[in-house]
Amino acid sequence: MQYRNLGNTDLTVSTVGFGVWTVGSTWWGITDEDYAVALLRQAFDLGVTFFDNGDSYGDGRAELIQARALKDVRDRIVIATKFGYDFYSNAQDAGRPGHQERPQDFSPVFIRYALEQSLKRLETDYIDFYQLHNPRMSAVESDELFDTLDGLQREGKIRHFGVALGPAIGWEEEGIAAMQTRRLAGLQTIYNLFEQDPGRALFRVARERGMGALVRVPHSSGLLEGKYSLETSFAPADHRSHRPREWLIDGLQKLKAVEFLTGGTGRTIGQAAIQFILSEPAVASVLPNIYDPEQLREFAAAADTPPLTAGELARLAALYERNFGVVPSGPPQPAVAEETR
C-alpha cells in the first residue's frame, strides 16, 4: 500500500481507500452485516487506512457497521463521512431506487445534530474529514453553514471539511465555487478512464488551491473491473440492474480499446484503472467499489503495481478525445446510480 496526504492537510490516507456505501447499503446486494464487518477488517489488515462513509448510507447502517469492524483501531485510521440529507424524517433508503433524492438540510441546527448522530454511530469523538453531501450552490454560498463547520473544527469534533460532489445534483460549478471561495481541505468526485469530466477541471483548481481530491467510481460502476460480458445480469436489488443495456454494450467496446494497459504490464485492468487515477497529483485516495474479498485483495495491491507510463497516458488521452473509437448505441449514460452517494 502507498500513502498520501490529503492536499495540504496533516491527514495521511491510503491511496486505495474503502467506500463503505457498498457494504452499508443494499445497492450492491450485500445484506449480511457479519460479511460486511469481515470485509472492512480485511481491508485494514491489507493496509487500507482511509474509510469513506455517509450518514445516509443505509440510513446510518453503514456507520454502525464500520464501528463494529474498526472501532478498536480508531487511532490508526482516517474516517470521512458526509452530511446534508435529512433521512431522519425521510427514511426510505432500503427501497430507494438509484438516484431518487431526499430533502437536504444544511442549517446549523441540523449540521450539529447530524454530526452528533454520526459520532455516536461511529463510536468516535471526532471526524477526520466531514463532507457536504452533494451541495447545491445555495449551500456553497451559505456563510452560516461554513461558520458552523469552522466552529465544529475549533471544538475538535471535526479535523477538516470539504465537499462530496454528485452529478446532476451539484457538480462542476458548485465544486469550483466551493474550492475558490471556501477553506476546504479537499473534495470528492466521480472520475475514471471512461468518465473524466468534470474531474479534469476540478483537479486543476484543486492543484492551484492546494486541496486534495478523493475519487469514487474508479471502475465506471464495474465496467473497468474486467468481469462483465454481454451475458452479465444483475440482481434486482443491485443498482446496476436499472441501467440501460447500451451502457454495458458500449462499455465493453471501450474496454477492448484499453487492453494495452494489462498485457505484460503486471497489472489487471482493475489495477490499471486505479493507477490511471493515481497519476493525477491532486488525488490522495481512490475509493473502488468493494464487495468481495478477492476483489479487495486485487484493488488493495493496485498501488504497488507499475504506474502508468507517459506513453500509456498519452495514448489514453487520445482515446478519450474520440470516445475510445466507440459510436454510442444510445443516448449518453451518466453515472446516475452514484448521484446520491
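**Buried strands, aromatic pairs and nonpolar cores**

Six of the six residues of strand β5 are buried (under 20% relative accessible area, with exposed meaning over 50% and partly exposed in between, using a 1.4 Å probe and protein chains only), so β5 is largely enclosed by the rest of the structure. This is a predicted model, in which local features need pLDDT of at least 70 and side-chain atom pairs count only at pLDDT 80 or more, while totals for chains, interfaces and linings use all residues. Residues are numbered from 1 along each chain as its sequence is written, and side-chain values use heavy atoms, with hydrogens and water left out. Helices (H or I, at least four residues) and strands (E, at least two) are DSSP runs, numbered from the N terminus.

**The strands around β5**

- Both faces of β5 are covered: V78, A80 and K82 are buried on one side, and I79, T81 and F83 are buried on the other.
- Strand β4 (residues 50-52) runs parallel to β5, joined by three bridges; two strands pair if DSSP finds at least two bridges between them.
- Within that pairing, F51 has I79 of β5 as its bridge partner.
- To get from β4 to β5 the chain passes through helix α3 (residues 61-70), and this β-α-β crossover is right-handed (with the strands pointing away from the viewer, the path from the first strand over the helix to the second runs clockwise).
- β5 also pairs with β6 in the parallel sense, over four bridges, and K82 has Q131 as its bridge partner in β6.
- Strand β6 (residues 127-133) has seven of its seven residues buried, so β6 is largely enclosed by the rest of the structure.
- β6 runs parallel to strand β7 (residues 158-164), with six bridges joining them, and I127 stands opposite I158 in β7.

**Aromatic pairs**

- Rings of Phe, Tyr and Trp (its six-membered ring) pair if their centres lie within 6.5 Å; planes under 30 degrees apart count as stacked, over 60 as edge-to-face and the rest as tilted.
- By this rule the count comes to 12 aromatic pairs.
- F83 and F106 have ring centres 5.8 Å apart and planes at 80 degrees, so they make an edge-to-face pair.
- F83 sits in strand β5 (residues 78-83) and F106 in the loop between β5 and α4 (108-122), so the pair ties together parts that are 23 residues apart in sequence; both F83 and F106 are buried.
- F194 and F324 are edge-to-face too, because their ring centres are 5.2 Å apart and their planes stand at 75 degrees.
- That pair links distant parts of the chain, 130 residues apart: F194 is in the loop between β8 (186-190) and α8 (199-209), and F324 is in the segment after α12 (310-321). Both F194 and F324 are buried.
- F87, Y88, F110 and Y113 are linked into a cluster by ring pairs.

**Charges over rings**

- The charged end of K254 sits over the ring of F194, 5.6 Å from its centre; a charge sits over a ring if NZ of Lys or CZ of Arg is within 6 Å of the ring centre and within 35 degrees of the ring normal.
- R315 lies over the face of F260, at 3.9 Å from the ring centre.

**Nonpolar cores**

- A nonpolar core is a set of buried Ala, Val, Leu, Ile, Met, Phe, Trp, Tyr and Cys residues joined through side-chain atoms within 4.5 Å.
- The largest such core has 97 residues, of which F18, F51, Y130, L132, L149, V258 and L261 touch the most other members.
- Helix α10 (residues 269-278) gives the most to this core, with seven residues.
- Leaving out residues up to four places away in sequence, F51 touches residues including F18, V20, L40, L70 and I79, where contact means heavy atoms within 4.5 Å.
- There is also a second, separate core of 11 residues, which includes V13, F50, V78 and L214.

- In helix α7 (residues 172-181) the buried residues are E174, G175, A177, A178 and M179, and the buried residues of α7 pack against α5 (137-140), β7, β8 and α8.
- D125 lies in the loop between α4 and β6 and counts as exposed, at 66% relative accessibility.
- Apart from its neighbours within four places in sequence, D125 is in contact with L119, G156 and K157.
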